[in-house]
Amino acid sequence: MSSTETTSGSRKALREAMAAGTAVEIDLQAVTKQYAGSAAPAVEEFSLTIPAGEIVVFVGPSGCGKTTTMRMINRLVRPTSGRVLIGGADAARMKTDDLRRRIGYVVQQAGLLPHLTVRQNIETVPRLLKWKSSRINARSSELFELVGLDEDEFADRFPRELSGGQQQRVGVARALAADPPILLMDEPFGALDPITRDRLQSELLKIQRRVRKTIVFVTHDIDEAIKLGDRVVVLKERSRIAQQGPPDEILAQPADRYVRSFIGGGAAVKRLHLVRVEDLDLEPYPAFTEPEGYDAIIAQLDERGYEYALLLDHHQRPQRWLHRDELQDRPGRPDLEGQAVQGVVMATTTLHDAMDEMLSSGTGVVPAVDDRGGYLGVVRLDQVIDALEGVHVTAVAEQEDATPVQTLAEITGELDARELRAAQKLLDDEQAARERTAPADAQAAQSEDESA
Ligand SMILES: Nc1ncnc2c1ncn2[C@@H]1O[C@H](COP(=O)(O)OP(=O)(O)OP(=O)(O)O)[C@@H](O)[C@H]1O
Ligand SMILES: [Mg+2]
């Protein structure tokens, strides 16, 4: 995906791309870092091309050189030898100030300046770049919206008055403030609880769909790497590349024992991180809103051979599952009949999270909704199981046309017993494997770099 206008090596073209925020390619060529006083190099002859507009994730154990490698891109660490090309131009010949302003940088615990308000933190780089205040104001509002923080509520608070997750959102907003073409993210979500981390990961993907930056992301969590990376680079000591490629390739064909052990158990379940609800053919389960006649919905059930219908509220949001018998009785209050919908998933939800949702609701089906919560169709557990077995998603869809699982009873009854148990076991195994392979200290003390 390298854009032709930025690989020409022309510094002018690069300056323009940088100014316009257009993603650029990063090319690391045999980059080595030997810290003064250390016996071995922290990074040895590291070569990698990072395509414009992609998320490339460095994953590897503590101390393997991830941070050092990343910091050589914005010259917070100066390479001992080798070259870093940004959009075809040698980073060593760019002004360091320019580089750091044009490359967004997000670190663990957000790295916000404690004595500045959220707004002042976000506006740091635009002010350094001497933007007009009207432009800065407009940009701030845009950023608050982008990272999902209410401007009125948060702008004038200090970082210590925010939760960890909120601080991290501010960190992302600050890094994106001047619309840089490159974003470097060093374990940005490492210190957050799993639920917040998961949410911020999904939001980062959503943001990336809109802004399309070249993102280098560092983590030692293979699950995070798989979820976020267009490409994953598995590193071992001295930042040597054990394997690099799209996440599904690494899961399906780990290059050696090192990579296999790093992936840990539950490779099959991890594949579910790679398929999203939108990749499936959603089952168009019969759904109705209250004012519609019961006869109409019963006719639809008859015609299509379903036993259950989904009651939607007047915003088309799924509310309850009602059985045909309950509909036949013409309930005065359908909102009190049947079984409440426990949870829903979005088009962008991964099948891993969809499976989680089905298991916690205990139904084996989950309605999918759009951004506003409006009903799109349902995902069934057997679709997830098929994806788990590596069946190609479109093949799954074809197969389902032939033999649809038609009723909620069938799904909650039959699948409850067999597949729900199998799926739960997979998640349990995955959790156990993760606990076994978790790094001893996720936040190992990080030495400050000489030039930082
Ligand atoms: N400023 C420094 N001076 C000397 N050695 C350093 C310096 N910074 C890092 N190192 C060493 O370089 C190696 C790589 O460190 P680096 O911080 O890049 O690893 P990392 O993969 O980011 O680790 P972590 O996952 O713990 O953050 C380590 O052995 C570390 O001790
Ligand atoms: Mg690090």
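Trainee: Two strands pair if DSSP finds at least two bridges between them. With that in hand, what is the order of the 4 strands in the open sheet with mixed pairing?

Mentor: The order is β11-β12-β13-β14. The edge strands are β11 (287-289) and β14 (339-340), each with a single partner strand, so one side of each is left without a neighbour in the sheet. The strand names are DSSP runs numbered from the N terminus: a strand is E over at least two residues, a helix is H or I over at least four. This is a predicted model, in which local features need pLDDT of at least 70 and side-chain atom pairs count only at pLDDT 80 or more, while totals for chains, interfaces and linings use all residues. Residues are numbered from 1 along each chain as its sequence is written, and chains are lettered from A and ligands numbered from 1 in the order in which they are written.

Trainee: How many bridges join β11 to β12?

Mentor: There are 3, and β11 runs parallel to β12 (residues 308-312). A287 sits opposite L310 of β12.

Trainee: Okay, confidence. What is the mean pLDDT of the chain?

Mentor: The mean is 81, with 80% of the residues at 70 or more; pLDDT is the predictor's confidence in each residue, from 0 to 100. Over residues 1-9 pLDDT stays under 50, and residues 438-452 also stay under 50. Where pLDDT is low, the predicted coordinates should not be read in detail.

Trainee: And how many helices and strands does the chain have?

Mentor: The count is 19 helices and 17 strands. Of the 452 residues, 42% are buried, that is, have 20 or more other C-beta atoms within 10 Å of their own; exposed means 12 or fewer, partly exposed is in between, and C-beta atoms are placed from the backbone.

Trainee: Which side of β3 is covered, one face or both?

Mentor: Both. I55, V57 and V59 are buried on one side, V56 and F58 on the other. In a regular strand the side chains alternate between the two faces of the sheet.

Trainee: Which strands does β3 run parallel to?

Mentor: One is β8 (residues 214-219), joined to β3 by 5 bridges; another is β9 (residues 231-236), joined to β3 by 4. V57 has a bridge partner in each: F217 in β8 and V232 in β9.

Trainee: Which residues have the most contacts inside the largest nonpolar core?

Mentor: V57 again, along with A173, L184 and V216, in a core of 71 residues. Another core lies apart from that one, with 37 residues, including V341 and M355. A core here is a set of buried Ala, Val, Leu, Ile, Met, Phe, Trp, Tyr and Cys residues joined through C-beta atoms within 7 Å.

Trainee: What is L184 in contact with, leaving aside its neighbours within four places in sequence?

Mentor: Its list is M70, I73, N74, I103, G104, Y105 and V216. Contact means C-beta atoms, placed from the backbone, within 7 Å.

Trainee: Switching to α6. How far apart are its end C-alpha atoms?

Mentor: They are 20 Å apart, which agrees with the 20 Å that 14 residues (133-146) should span at 1.5 Å a residue. The expected span is 1.5 Å times one less than the number of residues.

Trainee: Which residues of α6 are buried?

Mentor: S140, L143 and F144. Down the axis of α6, the buried residues fall within an arc of 100°, so they line one face of the helix; the arc is taken from the directions from the helix axis to the C-beta atoms. They pack against α4 (118-122), α7 (151-154) and α8 (164-176). The face turned away carries exposed residues, among them S134, R135 and E145.

Trainee: Last one: where is D371 found?

Mentor: In the loop between β16 (365-369) and β17 (375-380). D371 counts as exposed because it has 9 C-beta neighbours inside 10 Å. β17, though, is largely enclosed by the rest of the structure, since 5 of its 6 residues are buried. β16 and β17 run antiparallel, joined by 5 bridges, and G373 in that hairpin takes a positive phi near 90°.

Terms used:
Contact = placed C-beta atoms within 7 Å.
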